[in-house]
Structures are given as C-alpha cells and as structure tokens.
Amino acid sequence: MSQKVPFWRAATVSLLLLTVLLMAWEYAVLPVSGGGAEIDPEYAALLGQAAAQGGTTPMPGPSAIWKRLVELMADPFYVRGTNDQGIGVQIAYSLLRVGAGFGLAAIVAIPLGFLIGMSPLLNAALNPFIQVLRPVSPLAWMPLALYSIKDSAISAVFVIFICSIWPMLLNTAFGVASVRKEWLNVARTLEAGTWKTATRVILPAAAPTIVTGMRISIGIAWLVIVAAEMLVGGTGIGYWVWNQWNNLSIADIVIAILMIGLVGLALDRLLGLAANAVAWRE
Amino acid sequence: MKPYVSVEGIARRYGAMTIFEDVWFGIARGEFACLVGHSGCGKTTILNILAGLESPDEGAVIVDGTEISGPSLDRAVIFQGHALMPWMTAAGNVAFALSCRHRSWSRAQCDAAAREALKRVGLSHAADRKPAELSGGMKQRVGIARALALNPKMLLMDEPFSALDALTRGSLQDEVARLVAETQQTAFMITHDVDEAILLADRILLMSNGPGARIAEVVVNTLPKPRTRANLHHMPGYHALRDHVLDFLITRSKDFDAKAPPAGWSARAVPETRPALPLAAD
Ligand SMILES: Nc1ncnc2c1ncn2[C@@H]1O[C@H](COP(=O)(O)OP(=O)(O)OP(=O)(O)O)[C@@H](O)[C@H]1O
Ligand SMILES: [Mg+2]
C-alpha cells in the first residue's frame, strides 16, 4: 500500500490539480454582465453568483490575485504609518509574537515537564490543573489577559504562551517519565549524579518526544495568533486580514491565507529539522 | 576472615510472597562465581542488590568490610540487554562511563581511553558507530568494554550472552574468560547455560526454585585453568560436573525444601561439592 511514489509523478499530479483548480476558479468568477459567455442559470444559482451582481465586491480570479500578489511582493516591508504597513511587516509582527509566546512557554514547560516527569508526586498533584486548563480555548483567556495585563500586544503574546505550553509540558513530562529504566540504572551504577543523569541521559532520551511537543505547540500557536490579532488589532497578519475584510479587498485576504499557510509550513519544517537532529534509533 | 563480598541473609518479599530468603554466600577476591537457577527464583534481584540498585527486605551485603548502601563505580554491571545509550556512539558510551569514573579527565582523555577499551574487545573499527549500527554481539562487547574500562573491583553480569546466537556467545565467553583472567577480576554472573558456568566459574551457586528460594548447593569447579570451549569437554571430570549441575536443575532444584533440608545443609554454610574430582563420584 505505502509504495514510494516517485517525486516527479506526484509533482505532476499536484501541478495538474492546481492548474485545473485555478482554471475552474478563473472561469467561475468571470463577470456575467460582461456579455459574451452565456451562463446556465441553474449553474449560476448553484454557485450563488450574488457576487457578480452590482453593489457587492466580485470574487477575484487567480489572475487578479496574482496581479495583486506581485504588487504586494514588490515592497512587502513598507511602513507608511501605523495603519498602512506591508504584508511582510505584518507577518514579521505575528512571527515575533509567536516567537515570544512560544519561547516563554518552552522556558516554562520544558523544565516544569522535567520535574513532573521525574516526580510521580508532582505529576499527580499537577495533573488536575493541567487536565482542566488544557482544553480551554486560548482565546477564552484573552479578556482576562487584557484586563490584568492592560496591554493588547502583550496579551496576544500571553495567549500564545498559554496555548503552546500544554503540548510541550505534557510531552516533556511523558518523555522524561518513560525514559528506559535500563539507562537510568546505567547512570546509577556509574554514580553519574542528578545533573549529569538529567543532561546526558534523560534529556537526550526524551528529546524526540519533547521536540514533537514543540512541533505541535508551534502549529497551534500559529493557528491561534491569527485569531488573537483579529481581536486585539493594531498589527500582525491576523489584524491585516481583518482590515482587508473591512476594506473588502478579497484578493488580499486570499493572499494572506496563502501566506499564513506557507509560513506555518516553514515553521513546521523548522521543527522537523530539529526533530531529525535529536532523533535516535535503537 | 570474611570474603571480599559477603551476602548475609538477604530476602526479597512482595507482600506475603517470599521470592527468596535466608540467602548467604561469599565471593573471594579474584574469584568468579556463577549463579544458576530457574527463571523467577530471584537471580536478577540478587544481582541488583549486589549492584546496589535495589535493597534487600532483610539482611545485608558487605563488600570489602562495609555494608553497601547504593550503586558504586567499583561494582560495574554488564546488563542483559546491553543497555547502551542509542544516541551515543560506541566510543561515546564508553567515554560517558569514563567521564563518570574520572571526573577530572578532559573530553579528549575520556575519548582516547574509550577507544583503547574498545580495542581490547576488538571493536576499534566500530568505535564511531551508533548502537543501532552494531550487531547484537558487538553491542554486548561495547557493554563489556564499558564495564572493564571502569577498572572496577568487581564485575556483575546478568545473563550477558543470553540474547546472542550460539557462535557469538561462544566467542564472547572465551573473551570474557580471557579478560577476567588477565585482570584478576572478581566476578559474579547469572546464567542459564551450564557449559557457560563451567567454563567461567570457580564456584557455581545453585538456587532452588521459588517461592522461598535458597542457595541449595555450591559446586566448586576443580577443572584446571585456562579453560576454553575447545578443551573444556575433553577435561576429565567435566561430564561428572555437568551432570551434577544438570541433575540439580532438572530434579533437585524443585525437590529442595528448606524446612526439611538434605543432611548437612544449613543456609549460612551451604555445603560445597566437587563433582569433578574422582573422589566425589561415589
Ligand atoms: N513488583 C513485583 N511484584 C511481585 N512480584 C515481583 C515483582 N517484581 C518481581 N517479582 C517477582 O520476583 C521474582 C524474581 O524476579 P527476578 O527478575 O529476580 O527473577 P530471575 O531469577 O532473574 O528470573 P529470570 O531467570 O527469568 O531472569 C519473579 O518471580 C517475579 O515474578
Ligand atoms: Mg533475570
């Protein structure tokens, strides 16, 4: 079943699909009033081409979006006042927030996860808190954060912090707790001491599990940042999307979706590299 | 005068269940002792107690005049499942042990000594490979090199060759016999293999079946040294010795009853037999 498909074959099919999709899209959004092409009324009804009627913004086709993309990419990092900054700048703001929130979460979650993993008592004592807090949508924390921190930018970072802490905490604790008894016994018979055992045995043994937690966390953080920025406003790709919605620039929204996807992919790949670096095989 | 290692009345109980109790034996300096007994009678537990990884529910183990209270670098353990750290190379595993033994050594010193230790077990060419890239026999060799590199006062081995194929096991047995003889190492080994015990051991401790297992007999191996697998079975007395141990494992181990012991048996002074001597054949 899981035979390896040659890269070029998969790539050809992907390209083909993309072409078909883009062509269908382009065709679907052709202006009806432009005369010429006669559209089956049933088909029009199916697509709900209300967009094609006067008064509302038409859905842009791939070619229009491409034109807009070239425009945006010509100078992605311009800053013309607080409300008019390039898409690159906006993404950079979002990345900064994610980096800060995720970094802080890692600083807290990995050592704490270590302690939880090493101490069954701490594990049992903290478990109820973790179990209750973990399923809470990070956005539910937003009002509380805004109220207590009184700064929207820091509140967004806090929301990222709170959403990325759980996978890292749980994975670290699990990874540390499931380090093989054999290796711990080796360390004990070598009188390695707590610090050496933690850094030379437990950490490398648990590293793949910890990095998996980090990978899940960064994915969630990148999902949440868009929503958080829509709420707090000011800067960031989430805010930018909302702003373009208010301006009814649909092409920009589509471009933003694409960018968010690509940046998310890049973040995941980055942690994928880290995972490869710490992986070990028995 | 007390022997180098003196096991004094140790017991292991789980609730009302007694795995073994009233176990007494000694190991002289430079002596090779083998513990033979059926699965589940508590051999690994006894080895772990000698290693200091577990403590007995009763009794004590005195090594060199002091009661042991935990693991020590002076008692190196060769684990059944090699217990190498898969994220370190072969040399890295040995160097880690050396860095625990010699805290003041530099990284380069540890590495050089590790390579030297691997050379002694014929693994120079594989020093930079990870355990996953080594065969089972090579992994066990690294485990042996790691233990011997520590220059311990005593070597503890828990069925070190049981996971290996017959050929590899044979060559490793000869190798351990040579290395232990060269260094006059005091050794304690668990095995299921009667020939292995006869090849390596100066004294074979025979354990009765659990629950409530004891050391039922002590067999002194009077076959001359050096013994190799090639000459072992040609030695006069070998068959008598082998039959004696096998008979114990097949029948006497389960018939042994500490409440109605054979004449002359006492837990503190288990009688020694010398079945390989012609006199004992009566
Ligand atoms: N936590 C536990 N609770 C109850 N019994 C236990 C526990 N741990 C070990 N035992 C029992 O203790 C006994 C001794 O175990 P041990 O591993 O020392 O046996 P062994 O002689 O080394 O066996 P083998 O030859 O199979 O390695 C076994 O019968 C096992 O069932
Ligand atoms: Mg065992």
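Modeller: Helix H1 (residues 43–51) of chain B contributes the most to the shell around ligand 1, namely three residues; helices are DSSP runs of H or I with at least four residues, numbered from the N terminus. This is a predicted model, in which local features need pLDDT of at least 70 and side-chain atom pairs pLDDT 80 or more, while totals for chains, interfaces and linings use all residues. Residues are numbered from 1 along each chain as its sequence is written, chains are lettered from A and ligands numbered from 1 in the order written, and side-chain values use heavy atoms, without hydrogens and water.

Colleague: Which polar backbone atoms lie 2.9 Å and 3.0 Å from an oxygen atom of ligand 1?

Modeller: A polar contact is a pair of N or O atoms within 3.5 Å. Here the backbone of B:Gly40 supplies the polar atom at 2.9 Å, and that of B:Gly42 the one at 3.0 Å. The protein buries 57% of the 650 Å² that ligand 1 exposes when taken alone (Shrake-Rupley method, 1.4 Å probe).

Colleague: How much area is buried between chain B and chain A?

Modeller: Buried area is the accessible area (1.4 Å probe) that two parts lose on being put together, summed over both. For chain B and chain A the value is about 2000 Å², with 65% from carbon and sulfur atoms. Helix H2 (residues 90–101) of chain B gives the largest share of chain B's side, four residues.

Note on methods: A polar contact is a pair of N or O atoms within 3.5 Å; within protein, one must be able to donate a hydrogen and the other to accept it, and residues adjacent in sequence count only if both atoms are side-chain atoms. Helices (H or I, at least four residues) and strands (E, at least two) are DSSP runs, numbered from the N terminus.
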